[in-house]
Each structure stands twice: as structure tokens, then as C-alpha cells.
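Student: Could you take me through the sheet in this model and what packs around it? I'd like one connected account, with the cut-offs stated as you go.

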Amino acid sequence: NEEAECSTEENVASVRRARRRPIVSHYLSQRCNLRDITLAPATRELFEEAGSVPTDGLPLALDPQQFTRLLDGFRAIWEPIRSSGSLPTVVVCDAEIRSRVVAFLRSAERAVRVLSYPELSPDSRLELIAAWAPARA
């Protein structure tokens with residue numbers, strides 16, 4: 001049923017791209033910037049290597065140590081963002097790993113929106129707030 005899953009993901013991505021302006025508009029700052037958290041190369045690689053795991057309710061095939069490093073790295077940037085009032089802030093990543101990033105943040109009980117680069121309007125102005133890197137081992 002992988003084929004059905006892929007086509008569903010592709011359909012969802014297509015709809016999100018078509019509706020990009022309404023989606024992005026919810027997360028704009030007062031200056032009409034999109035405050036974003038980008039993925040550091042090491043974080044992106046971990047999500048690219050992680051596979052979906054349909055069993056046991058686990059969203060990703062991540063080594064527990066990798067999960068902890070990602071979570072600690074996210075906490076290190078998120079708490080200062082949240083306490084400084086730099087909201088709304090979104091995570092922006094490649095479309096190919098968006099669902100994995102969403103699954104990770106949900107499993108970590110973080111209510112953070114995730115957008116992919118194709119969902120951004122050509123006239124979107126990004127305001128880099130932080131780069132999400134895994135915590136050191």
C-alpha cells in the first residue's frame with residue numbers, strides 16, 4: 001500500500017502548494033515576514049535517513065539517541081523563541097522530509113507548524129530566527 005501512501009502525500013503536497021498564500025498568511029509577523037527556523041545540514045540528514053515506521057505508533061525510525069539529540073536541539077532554540085515573543089514562527093524544510101519533521105514534532109508534543117519551501121509564495125520574506133541543529137552527543 002506504499003503506492004497509495006505516496007499518491008496521498010503527493011496529493012496533499014499539491015493542494016498545499018496551490019493554497020500557499022492562505023497557508024503562509026497565517027504565520028506572518030506584523031512586518032509581513034515569515035519568521036522561520038531552518039534545518040541545519042546535520043538535522044536535515046537525520047530526517048532524510050529516518051524511515052517511516054507504521055508499527056507501535058512510532059512516527060519515525062530514529063535511534064533513541066538521535067531522537068534525544070534532535071529534541072534537545074529543538075528545545076534549545078524553541079524555548080528562547082517562545083519566551084521572547086517571536087511568534088508566530090514556523091519550521092521550513094524540504095518538501096521530501098516535511099511529513100517526517102511534522103511527525104517528529106508531534107511525537108515530541110511540540111505544536112509548531114511546518115512548511116515546505118514549495119509552499120512559500122515567491123514574494124515571501126523569510127526572517128531567519130534560528131537554525132535547528134542536533135544537540136551534541
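**The sheet and its helices**

Tutor: Happy to! Four strands make up an open sheet, ordered E3-E2-E1-E4, and their pairing is parallel; two strands count as paired if DSSP finds at least two bridges between them. E3 and E4 (126-132) are at the edges with a single partner strand each, so one side of each has no neighbour in the sheet. On average, neighbouring strands are turned by 35 degrees against each other, direction ignored.

A word on the basis: this is a predicted model, in which local features need pLDDT of at least 70 and side-chain atom pairs count only at pLDDT 80 or more, while totals for chains, interfaces and linings use all residues. Residues are numbered from 1 along each chain as its sequence is written, and side-chain values use heavy atoms, leaving out hydrogens and water.

For context, the chain has five helices and four strands, arranged along the sequence as α-α-β-α-α-β-α-β-β. These are DSSP runs numbered from the N terminus: helices are H or I with at least four residues, strands are E with at least two.

Now to E2 (residues 90-93). Val 90 and Val 92 point one way from this strand, Val 91 and Cys 93 point the other way, and all are buried, where buried means under 20% relative accessible area, exposed over 50%, and partly exposed in between (1.4 Å probe, protein chains only). In a regular strand, side chains alternate between the two faces of the sheet.

E2 has a parallel partner in E1 (residues 34-39), over three bridges, and Asp 36 stands opposite Val 90. E2 also pairs in the parallel sense with E3 (residues 114-116), again over three bridges. Here Val 91 stands opposite Val 114, and Cys 93 has Ser 116 as its bridge partner. Between E2 and E3 the chain passes through H5, a right-handed β-α-β crossover: with the strands pointing away from the viewer, the path from the first strand over the helix to the second runs clockwise.

Beyond its neighbours within four places in sequence, Ser 116 contacts Cys 93, Asp 94, Ala 95 and Arg 98; contact means heavy atoms within 4.5 Å.

Two helices complete the picture. H5 lies across E1, E2, E3 and E4 and runs at about 175 degrees to E3. Angles run from 0 to 180 degrees between N-to-C directions, and axes are lines fitted to C-alpha atoms, for helices over the stretch in contact. H4 (residues 64-84) packs against H5 (residues 98-107) at an angle of about 80 degrees, their axes 11 Å apart. That makes H4 roughly perpendicular to H5, the class for 65 to 115 degrees; under 35 is roughly parallel, over 145 roughly antiparallel and the rest oblique. Phe 67, Leu 70, Leu 71 and Phe 74 of H4 meet Phe 104, Leu 105 and Ser 107 of H5. By type, six of these contact residues are nonpolar, one is polar and none is charged, counting Ala, Val, Leu, Ile, Met, Phe, Trp, Tyr, Cys and Pro as nonpolar, Asp, Glu, Lys and Arg as charged, and the others, Gly among them, as polar.
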